[in-house]
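Q: I have a structure open and want to go through it with you. Can we start with the charged pairs?

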Amino acid sequence: YYIAGVESYDGSNLNQSIIYFKLNLANDCEVAGIYYDNLNLTFSYYTGEGIIVPVGNYTIPGFRQGVKAKTDRKDFVVTAQGWQEISNMSVSSDVVVFRVDLATAVRFRHYITGIKSKRLRTMAWCKVEVDRITGKKKSNKAVQLKHMIERHPNCGWIIFAFIIFLLSVFVVPCLVFICFGVVFDYCMDN
């Protein structure tokens with residue numbers, strides 16, 4: 001995350017800035033791929049009064065992410081306000097606190113059975129502290145988005161359901177066949 005002011009060719013300030021960002025998405029699930037709808041990003045900053053002021057939007061087209069796969073998207077968005085104006089509105093003297101919101105919908109697909117989940121709406125957000133002088137993210141650590149997925153299917157439940165499916169398809173018929181054979185042998189002997 002990095003923000004820079006924009007100047008025109010004649011040196012005057014255009015009252016805009018550019019936010020450069022990189023978004024990393026990881027699918028840690030071992031049995032399900034993810035289908036993302038468009039990912040809608042909103043960039044905002046916090047004012048001294050605790051008000052969130054949106055300054056830019058960006059949309060990443062939907063895509064499919066495989067099992068245990070990682071995806072990186074990096075680009076930039078031009079803000080509606082200039083860096084000078086944004087940094088002057090900040091409550092702190094050394095950092096400007098931005099908020100990044102992400103909204104999308106996802107579907108999970110089990111890679112063996114091909115079963116797809118319903119479309120689940122998800123929202124994620126994070127706060128990013130940016131140095132007032134350099135415009136760079138204050139911390140060198142990656143910022144993790146906090147998320148909320150409605151009816152999130154845990155990968156453990158998918159594995160459990162798959163095991164039950166295997167048991168019901170293969171083990172139960174074998175047990176029935178064995179039991180039927182024992183009963184049949186018993187009847188033939190008597």
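Q: Which residue forms a salt bridge with Asp37, and how far apart are the closest N and O atoms?
A: Arg119 is the partner of Asp37, with the closest N and O atoms 2.8 Å apart. A salt bridge here is a side-chain nitrogen of Lys or Arg within 4 Å of a carboxyl oxygen of Asp or Glu. This is a predicted model, where local features need pLDDT of at least 70, side-chain atom pairs count only at pLDDT 80 or more, and totals for chains, interfaces and linings use all residues. Residues are numbered from 1 along each chain as its sequence is written, and side-chain values use heavy atoms, with hydrogens and water left out.

Q: Where do Asp37 and Arg119 sit in the chain?
A: Asp37 is in the loop between β3 and β4, and Arg119 is in the loop between β8 and β9, 82 residues apart. Helices (H or I, at least four residues) and strands (E, at least two) are DSSP runs, numbered from the N terminus.

Q: Is Asp37 buried, exposed or in between, and what is its relative accessible area?
A: Asp37 is partly exposed at 25%, and Arg119 is too, at 45%. Buried means under 20% relative accessible area, exposed over 50%, and partly exposed in between (1.4 Å probe, protein chains only).

Q: How many salt bridges in total?
A: Three. Asp101 pairs with Arg99 at 2.9 Å, N to O, and both of those residues are buried. Asp131 pairs with Lys138 at 3.3 Å; Asp131 is buried at 16%, whereas Lys138 is partly exposed at 41%.

Q: Switching to the core. How many residues are in the largest nonpolar one?
A: It has 33 residues, and Tyr1, Ile19, Leu39, Phe43, Ile86 and Phe98 have the most contacts inside it. Such a core is a set of buried Ala, Val, Leu, Ile, Met, Phe, Trp, Tyr and Cys residues joined through side-chain atoms within 4.5 Å.

Q: Which element gives the most to this core?
A: β8, with six residues.

Q: What does Tyr1 touch?
A: Leaving out residues up to four places away in sequence, its contacts (heavy atoms within 4.5 Å) include Ile19, Phe43, Phe98, Val128 and Lys137.

Q: And the overall layout: how many helices and strands?
A: Two helices and ten strands, running β-β-β-β-β-β-β-α-β-β-β-α from the N terminus. Of the 190 residues, 34% count as buried.
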